[in-house]
Amino acid sequence: MKAIRGVRDCFYVYSIQEILKDALEHLEVKRIILETLNQCFNEDDEQVKYNAQHAERRIKAEFEELHQFLRDEEAARITALREEEKQRSQMMKQKIDETSRQISSLSCTIRDTEAQMKDDDVSFLQVSMDYE
């Protein structure tokens with residue numbers, strides 16, 4: 001009976017070894033699948049980073065384009081404003097010059113009239129009446 005028991009023990013040990021061997025093979029397959037999955041995740045992560053960097057560069061380029069447009073628009077408006085200021089200032093200068101000429105002419109007329117009034121009251125009145 002001892003021999004049967006030894007055969008059973010050997011068979012039992014052999015069976016356990018086979019079961020463990022099968023379990024290890026399954027674990028090895030699972031490990032390979034997980035490594036492959038992990039590699040896919042790493043590749044996806046790299047793709048996500050690349051896409052984010054690409055989107056960031058595109059956004060920065062678009063904003064730089066907008067900034068340049070705004071700088072150009074600002075320069076154009078400031079140039080137009082300065083041109084308008086120059087034209088208005090020139091127009092005001094012409095009006096000031098014309099008014100100054102009129103003031104000067106009136107001042108001369110007033111001085112001449114006052115001088116004539118002092119020199120000869122009668123002749124002044126006679127000249128004034130001739131104009132009326």
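Surface patches are made of residues with over 30% relative accessible area and no salt bridge, like charges being joined within 9 Å and nonpolar side chains (Val, Leu, Ile, Met, Phe, Trp, Tyr) within 5 Å. In this predicted model, local features need pLDDT of at least 70 and side-chain atom pairs count only at pLDDT 80 or more, while totals for chains, interfaces and linings use all residues. Residues are numbered from 1 along each chain as its sequence is written, and side-chain values use heavy atoms, with hydrogens and water left out.

The chain contains 2 helices and 0 strands; helices (H or I, at least four residues) and strands (E, at least two) are DSSP runs, numbered from the N terminus. Helix H1 covers residues 2–119. Of the 132 residues of the chain, 1% count as buried, where buried means under 20% relative accessible area, exposed over 50%, and partly exposed in between (1.4 Å probe, protein chains only). The chain exposes about 12,800 Å², of which carbon and sulfur atoms supply 60%. Accessible areas come from the Shrake-Rupley method with a 1.4 Å probe, and for residues only the protein chains shown count as cover.

A nonpolar surface patch of about 290 Å² is formed by Leu34, Leu37 and Phe41. Leu37 is located in helix H1. With a relative accessible area of 39%, Leu37 is partly exposed.

The structure holds 9 salt bridges, a salt bridge being a side-chain nitrogen of Lys or Arg within 4 Å of a carboxyl oxygen of Asp or Glu. Side chains of opposite charge can pair when their charged atoms come close. One of the salt bridges joins Glu28 and Arg31, whose closest N and O atoms are 2.2 Å apart. Because Glu28 and Arg31 are 3 residues apart in helix H1, about one helical turn separates them. Both partners are partly exposed, Glu28 at 35% relative accessibility and Arg31 with a relative accessible area of 38%. Glu28 and Arg31 are also linked with Glu35 in a network of salt bridges.

Another salt bridge is formed by Lys49 and Asp45, with 3.4 Å between the closest N and O atoms. Lys49 and Asp45 are 4 residues apart in helix H1 and are therefore separated by about one helical turn. Lys49 counts as partly exposed at 43% relative accessibility, and Asp45 is partly exposed with a relative accessible area of 35%.

In the salt bridge between Arg58 and Glu62, the closest N and O atoms are 3.9 Å apart. Both residues lie in helix H1, 4 residues apart, or about one turn of the helix. Arg58 is partly exposed, its relative accessible area being 43%, and Glu62 counts as partly exposed at 43% relative accessibility.

Arg101 is also found in helix H1. At 51% relative accessibility, this arginine counts as exposed. The side chains of Arg101 and Glu98 are joined by a polar contact of 2.8 Å. A polar contact is a pair of N or O atoms within 3.5 Å; within protein, one must be able to donate a hydrogen and the other to accept it, and residues adjacent in sequence count only if both atoms are side-chain atoms.

The structure holds 0 disulfides, a disulfide being a pair of cysteine sulfur atoms within 2.5 Å. Cys40 is partly exposed, with a relative accessible area of 35%, and Cys108 is partly exposed, with a relative accessible area of 33%.
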